[in-house]
Amino acid sequence: MEWLFHSRMFRRMHGHDDGETGVDNRIAERGFADIGAWILGRNMFGPVRGPWPDESWKGWWGDEPPYHVPVFVLTHHPRAPLQMSGGTEFRFVTAGIHAALAQAREAAGGRDVRLGGGVFTVRQYLRAALVDELHLAVRPVLLGSGEHLFGGLDLYKLGYQCTESIAGERATHVFLRKRA
Ligand SMILES: NC(=O)c1ccc[n+]([C@@H]2O[C@H](COP(=O)([O-])OP(=O)(O)OC[C@H]3O[C@@H](n4cnc5c(N)ncnc54)[C@H](OP(=O)(O)O)[C@@H]3O)[C@@H](O)[C@H]2O)c1
């Protein structure tokens with residue numbers, strides 16, 4: 001995520017008036033433009049696993065998360081919606097990826113729905129060929145272990161192709177889109 005942390009967009013999102021303004025920043029801004037709703041997996045929302053013990057966990061982002069629109073959180077464990085400052089509302093969806101997408105589309109009112117991860121969630125939408133565009137930020141970092149984004153998925157067969165590759169200051173940005 002280093003490429004994002006230095007961008008002006010990210011710095012502004014966190015209340016600072018500085019940050020880099022090059023290619024990485026432009027791509028970061030493009031990724032946040034015209035988003036009407038988000039979908040996240042439960043593990044992106046937080047570290048709590050299993051049934052919610054109480055209502056105390058409200059996401060990583062403090063009282064005013066950077067979304068400012070409805071965010072649909074996929075989980076097997078029901079929970080009441082959570083209204084945050086600045087227009088973000090976390091809504092917990094237990095009926096699966098298609099239901100979450102339908103609800104997010106309705107809430108977005110014609111604007112884009114952004115899938116914010118994690119890997120388990122992105123893989124389900126890729127497998128169902130429901131992702132129009134996937135942005136991959138590639139950096140030379142040796143992680144050692146982690147979640148496998150593409151293992152066992154034949155993206156070409158699912159209809160995707162690599163349509164754009166842009167060299168940024170801190171990452172190379174690769175975009176996959178569905179073939180027409
Ligand atoms: N890069 C980042 O910014 C960032 C930030 C935070 C965390 N992470 C890490 O990224 C990794 C993401 O892991 P992940 O791929 O497991 O995350 P994920 O996709 O965010 O979450 C997976 C969980 O979401 C729920 N879920 C997903 N699909 C569902 C469905 N169809 N129906 C019902 N519930 C569904 C399930 O939780 P339940 O069954 O428990 O409800 C499932 O275990 C984690 O290791 C996390 O620590 C990264």
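Predicted model: local features only at pLDDT ≥ 70, side-chain atom pairs only at ≥ 80, totals over all residues.
Residues are numbered from 1 along each chain as its sequence is written. Local features need pLDDT of at least 70, side-chain atom pairs count only at pLDDT 80 or more, totals for chains, interfaces and linings use all residues, and side-chain values use heavy atoms, without hydrogens and water.

Start with the sheet. It is open, with five strands in the order β3-β4-β2-β1-β5 and mixed pairing. Strands are DSSP runs of E, at least two residues, and helices are runs of H or I, at least four, numbered from the N terminus. Two strands pair if DSSP finds at least two bridges between them. The edges are β3 (82–83) and β5 (112–115), each pairing on one side only. Strands β1 (35–41) and β2 (70–74) pair in the parallel sense over four bridges. L40 stands opposite V73 in β2.

Now the ligand. A polar side-chain atom of R42 lies 2.7 Å from a ligand oxygen. A backbone N or O atom of M44 lies 3.0 Å from a ligand oxygen. For a polar backbone atom of G118, the distance to a ligand oxygen is 2.9 Å. Taken alone, the ligand exposes 930 Å², and the protein buries 71% of that (Shrake-Rupley method, 1.4 Å probe).

Methods
Polar contact = N/O pair within 3.5 Å; in protein donor to acceptor, adjacent residues only side chain to side chain.
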